[in-house]
Amino acid sequence: MLEREDELSRMRKALNNVREGSSGFILVTGSPGEGKTLLLSRISQEGRANGLSVITARGAILEQKYSFGIVRQILQSLLRDSSETAKARLFSGVASQARRILGEIGHEEDTQLGEVAVLDGIFWLLSNACQDKPLVLVLDDIHWADYSSLRFLAYLQPRLSGLNILVVASVRSGKSNHFAILDSLMLSNHVTDFIRLRPFTFDAVVDFIENSFGEAPEALFSETCYKTTRGNPLILRELVRAISNDNLKPDTGSAGRVLAIGSGALEERIKGELMKLTLQELKMVEILAVLECQADIFNCAALSGISADRVSQIAHALEQANLVRFTHFSDGMGGYYEFYHPLVRAAIYDQIDDAKKNAYHSEAAQTLVARHSSAESAAAHLFRVEPSMNRQHTKILRLAAKEAWNRGSPTETHAYLLRCLAEKMTKGERFATLLDAASAVQLVDLDPAARYLREAMELTHDPILRCQVGWALGGVLLLSQKTDEALTVWHTALSCTPKSEVNLRKRILASLINIPLLAPNKSGLLEQANELISTSTGHDPESHGLNSVLSAVRAFAGNPDGFVEAGIEVTSNSQSKISDICVPEAGSESWQVCSWLAMLMAEDPRAIEYLDQAVVEGHRLRSPRSLSAAYCFRGLGWLWKGDLAEAENDCTQAIEAMEMANVEVGRPFIGAFLAEALLERGSLDQAQKALAWVGPIFPPPVDGQVSFALHVRARILRLRGRNEEAVSAARLAGERWAAHGGSNPAGVPWRSELALALATLGRHDEALESAATEVNLARRWGAPRALGRALRVAGTVSQEANGISILRESVEILEKSAARLEFSKSLIEYGSVVRQYSDTDARKLLGKGLDIAAQCDAVPLIGRARHELQLAGARPRRSATGPDSLTPSERRIAEQAIQGRSNREIAQHFFVTIKTVEVHLSNTYRKLGISGRRDLAARLGSV
């Protein structure tokens, strides 16, 4: 371990930290041969010596398509020496969802678990595992890790806080087959230490040579070794071994031999060792290179045709020659032989000719199937076999895809099906495989899903099937923001769908009408909306979906006529109905969004309840894309209610899920809602960053729903004092909102934003006109939040005596509303005007406004209320306390605590970390003035 003292010291510090209750994530990177594996092995030994639970796992070239390969190694190691009682504890609660990784599906409903549920399950299993003893995960060669395992590590990183877990992972510099996700792991600010291994310095090379030969080397010899190896420890070791085997000394006379061997010492040694082998032994070496981590005695014997005893003898001889070593399987059931370094395996594998490799891998796949190994184990070899007419290969690949899908791994499922598509098959088989591939890959990458669906449409002559596939294709294209293509596909599908296929026609029509809500200047499609009301009756999913879209159309337009019958009442039922539609049909997902947005704009009190259910379903049954949408619009619900911390948290969760889903269509919504929540909390710079995360919105892009983002941009400009730009920005937001059929200020209140900017510029007549128009539109819609806001702005910009009465009306309307932030703003605005006439009345209004602003955590509003109260002669309280000061999350968690649930159970129930629960409870105790759980019920009442 020459020149690794600093690295070892940093890793020992991390071990001490995890032993004391902290967590960490260390990445070790370096070039091949620089000692990553040796360093990880040393830290594993020291962790075990210090009483820590150390679990090791390793990436392998052969297993890069093996779903949750590294995760499976971790789980198998955890379970290896566990009693049945300990296993039951590990899999308790949400952790039971991780059983799917090991191929265990205990209940029928478990087969419906989505990818997020599996990731949640693995997380909680590790959380359970570290309760009694700190856990150290040592993961070598993650540049060869499977995608699903890397995806889990990315999921784990931000959730490590509060867990007694240290992750130490090594990655080869510049080497990855999953650049994006591995880069995100390496660049994450959740990495607590980044250790870059360097080649040996000249002094270290001299020390190594002296230690190897037992005498000090002469200068020329040392200099030649250093220049030849460039300080790479592995190459240096092989070079010194070669010189020693030649019985030479480390002197000037041996420098010529060093130059003759050069940097190819390893290759020369391998070549020499192979020349000593018999044909049978050479075949065995090749099979070891082919089977890699599957090279146990029995697989080698079956593939080579050599007896198991003879295989064992050959393996032992290779071990004595320092070519291979025995490694135990992670489940403790036997082990396999592997080359002592990946470079050795690569050198041997590369010298096998392509035809022989093809034959080896094909035979390996058949052998593993015959030995009842998993289909994924066998399919790993078929990625190295040329496509053929072998129907057994197709069968293996499809079985492997099913295994990966059951484990919650759409990426690997798609990989197996894509390889399957390279094989020869009938049209019917290809059609089915294309649909399966589209179903899997649309969860992680929309472009290939669209290609598969297009090809599937061309393969079938069944008009109904073509239309059904066309509907799914349009949904994928819409999510890809290829609106015109989606429009063409859906129009074609609709024209070809027989009138007898009523539900299919409803499905396509609902999708067509939804387009203008996401894409501008498609208002011609909205003209069909009124004609469809008569077809939206019924209790089938398609009718519910159609009603959801119609409700959103009316909400955008601010048209309350018939809204309850065709909209809110139906959308509340459609929540569960729509969720029954097959996940691959991406076109149906936007129906839910329409339902949620319509309910939120109408201030239906059930909206948050339905969105809570959607978050639960998203975690358990759905894809990251669906979960992102649920978090996004629940965040909007919290924002409009004034629960700003909740809004910020949900929007942050939406971002994480969206980035997992690799879908951009939700970005303008999430970024806009997050930016507005941050604005209300006084984080102007952070709000600007959130809006920048959306991407370019000025000038507005040709496609996409950026009305909300443009409105927030206008607010930011006004708050920065750039009022002329704010005026233009507000008008631009209004133009874009209108291009989506929008005029309702309950969605985008651009006119009141415009009025505030105009008033600041002294253009009062224009400001009054804009504010008055918004008041009229809000009255027509009738929802109190939009009307109360419009009235407040109208009263604020009014220079007439009736301004105070307008503000009073705003307060009266919002008092009965759930929009507490808007109520607080109106109270404070009204109180500041009343102060001119009566300090006593003003103090009541301002004090109440301050309390509500504090509950909302609206920092700028709190500051203004305090200032106005001081002007009115009052001394405002420093912070809000008591039950009414609790945020929704604090109250919900406190209620669970009153019921006797542990922090762990509460965290699993709400899909948060234990640390988050602890923080919320700590805040609750402080606000209620109590010391702990035992006093909660007395302060909040029984639940």
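## Basis and cavities

The model is predicted. Rolling a probe the size of a water molecule over the atoms shows where empty space is left. In this structure there are six cavities of 30 Å³ or more, and the volume of the largest cavity is about 460 Å³, while the second largest cavity holds about 220 Å³ of space.

## The largest cavity

The lining of the largest cavity is made up of 30 residues, and those lying nearest its centre are Leu-479, Ser-590, Val-593, Ala-629 and Val-665. At least two lining residues come from each of α23 (463-479), α25 (502-518), α27 (541-557), α29 (589-601), α31 (624-641) and α33 (667-680), and the largest share, seven residues, is supplied by α29.

Sorted by class, the lining of the largest cavity consists of 20 nonpolar, eight polar and two charged residues.

## The second largest cavity

The second largest cavity is lined by 22 residues, of which Leu-639, Trp-640, Glu-676, Arg-785 and Glu-822 are the closest to its centre. Here α31, α33, α35 (707-719), α39 (784-797) and α41 (820-834) each contribute at least two residues to the lining, and by class the lining divides into 12 nonpolar, three polar and seven charged residues.

## Helices α19 and α20

Helix α19 (residues 391-406) packs with helix α20 (residues 410-421) at an angle of about 170°, their axes lying 8 Å apart, and because of this angle α19 is roughly antiparallel to α20. On the side of α19 the contact is made by Thr-394, Leu-397, Arg-398, Ala-400, Ala-401, Ala-404 and Trp-405, and on the side of α20 by Pro-410, Glu-412, Thr-413, Tyr-416, Leu-417, Arg-419 and Cys-420. The residues of this contact comprise nine nonpolar, two polar and three charged.

## Helices α37 and α38

Helix α37 (residues 750-760) and helix α38 (residues 764-781) have axes 8 Å apart and pack at an angle of about 160°, so that α37 is roughly antiparallel to α38. The crossing of α37 and α38 is left-handed. From α37 the contact takes in Trp-750, Arg-751, Ser-752, Leu-754, Ala-755, Leu-758 and Ala-759, which meet His-764, Glu-766, Ala-767, Ser-770, Ala-771, Thr-773, Glu-774 and Leu-777 of α38.

In terms of class, eight nonpolar, four polar and three charged residues make up the contact of α37 with α38.

Conventions:
Residues are numbered from 1 along each chain as its sequence is written. This is a predicted model: local features need pLDDT of at least 70, side-chain atom pairs count only at pLDDT 80 or more; totals for chains, interfaces and linings use all residues. Side-chain values use heavy atoms; hydrogens and water are left out. Axes are lines fitted to C-alpha atoms, for helices over the stretch in contact, and angles run from 0 to 180 degrees between N-to-C directions. Helices (H or I, at least four residues) and strands (E, at least two) are DSSP runs, numbered from the N terminus. Angles under 35 degrees count as roughly parallel, over 145 as roughly antiparallel, 65 to 115 as roughly perpendicular and the rest as oblique. Contact means heavy atoms within 4.5 Å. Ala, Val, Leu, Ile, Met, Phe, Trp, Tyr, Cys and Pro count as nonpolar, Asp, Glu, Lys and Arg as charged, and the others, Gly among them, as polar. On a 1 Å grid over the protein atoms alone, a cavity is a set of points where a 1.4 Å probe fits but cannot get out, and a pocket is an open set with protein on both sides within 12 Å along at least five of seven lines; lining residues have an atom within 4 Å of a point. Grid points are joined across faces, edges and corners, and a volume is the space filled by probe spheres set on the points. A crossing is left-handed if the near helix is turned anticlockwise from the far one by less than a right angle, and right-handed if clockwise.
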